[in-house]
Amino acid sequence: MDKQTNNRLLENTFYYGPFEYPKGSGNWYQGKHESIITKELFDAVQQQMKNSQLVRRENIEFAFTKITKCGLCGSGISATEKFKKLKDGSYNRHVYYGCTKARDKNCKSGYISEEELIKQLQKLVDSLNFKKISVQDKIRSEIKRFKKFQVLATGKNDSIDLIDVDTRNYIKFLLKEGDDQEKRDLLTCLDCEIKLKNKKI
Ligand SMILES: [Zn+2]
């Protein structure tokens, strides 16, 4: 049986007894046949499928989980998504990062919002000495590109030297405006590991 057929089978309540006919009508009948799987198993499988979808989503969507570790217990960091309903009916997306508590069930590390995390990262960038860390080629060429845009936009053809300030500004710009993939690439380039401790990095 291929995976799709398998999923369809497990989504169909007919297989554990009660069935709806016509589908969506709200008329439920008890099947006379013997259930192939029990209701308990059916529910467990549904939950499992939902969970695995959630996990996949987390891995794709969040920018800072991979390189961030809990500064208190050393566990990984996971992200959760919260949606806040606004007055006009639309939703505001908020991402919070917190300890997975894999190493310490009672870890008191707490949660930090993505906005706050980015703010702190930007502050951290200011205090880094870029002469000491090796900024890889990718960032350098990206900064050159960024600089060219700047020249086009301002009309000024100042020296396009890659100085510390540009590196800093570019990194801060990416942290705020880049997409998740760009943020991940950037942090991988910087070869840094973020430790989250008491809502501070
Ligand atoms: Zn922890």
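In what order do the three strands of the open sheet stand, and is the pairing parallel or antiparallel? I looked this up first, keeping in mind that the model is predicted.

I find the order 4-5-6 in an open sheet, with antiparallel pairing. Strand 4 and strand 6 (111–113) are at the edges; each has a single partner strand, so one side of each is left without a neighbour in the sheet. As background, strands of a sheet pair through backbone hydrogen bonds.

**Helix on the sheet.** I then checked what packs here. Helix 3 lies on the sheet and touches strand 5 and strand 6. The direction of helix 3 makes about 80 degrees with that of strand 6.

I went along strand 4 (residues 77–85) and counted nine bridges to strand 5, in the antiparallel sense. I wrote down two of the residue pairs. Thr80 has Tyr96 of strand 5 as its bridge partner, and Lys85 is opposite Tyr91 in strand 5.

**Lys101.** Where is Lys101 placed? I locate Lys101 in the loop between strand 5 and strand 6. Its phi is near 60 degrees, which is a positive value in a residue other than glycine. Is Lys101 buried or partly exposed? I get 17 other C-beta atoms within 10 Å of Lys101, so this residue is partly exposed; the cut-off for buried is 20 or more.

**Core.** Next I turned to the nonpolar residues. In soluble globular proteins, nonpolar side chains tend to be buried together. The largest nonpolar core here has 16 residues. I list those with the most contacts inside this core as Phe64, Ile77, Tyr97, Leu117 and Leu196. At least two core residues each come from strand 5 (91–99), helix 3 (114–127), helix 5 (164–177) and helix 6 (180–190). Which helix gives the most to this core? I find that helix 5 does, with three residues.

**Leu117.** Leaving out residues up to four places away in sequence, Leu117 touches Phe64, Tyr97, Ile112 and Ile201.

How values were computed
Residues are numbered from 1 along each chain as its sequence is written. This is a predicted model: local features need pLDDT of at least 70, side-chain atom pairs count only at pLDDT 80 or more; totals for chains, interfaces and linings use all residues. A nonpolar core is a set of buried Ala, Val, Leu, Ile, Met, Phe, Trp, Tyr and Cys residues joined through C-beta atoms within 7 Å. A residue is buried if 20 or more other C-beta atoms lie within 10 Å of its own, exposed if 12 or fewer, and partly exposed in between; C-beta atoms are placed from the backbone. Helices (H or I, at least four residues) and strands (E, at least two) are DSSP runs, numbered from the N terminus. Two residues are in contact if their C-beta atoms, placed from the backbone, lie within 7 Å. Two strands pair if DSSP finds at least two bridges between them. Axes are lines fitted to C-alpha atoms, for helices over the stretch in contact, and angles run from 0 to 180 degrees between N-to-C directions.
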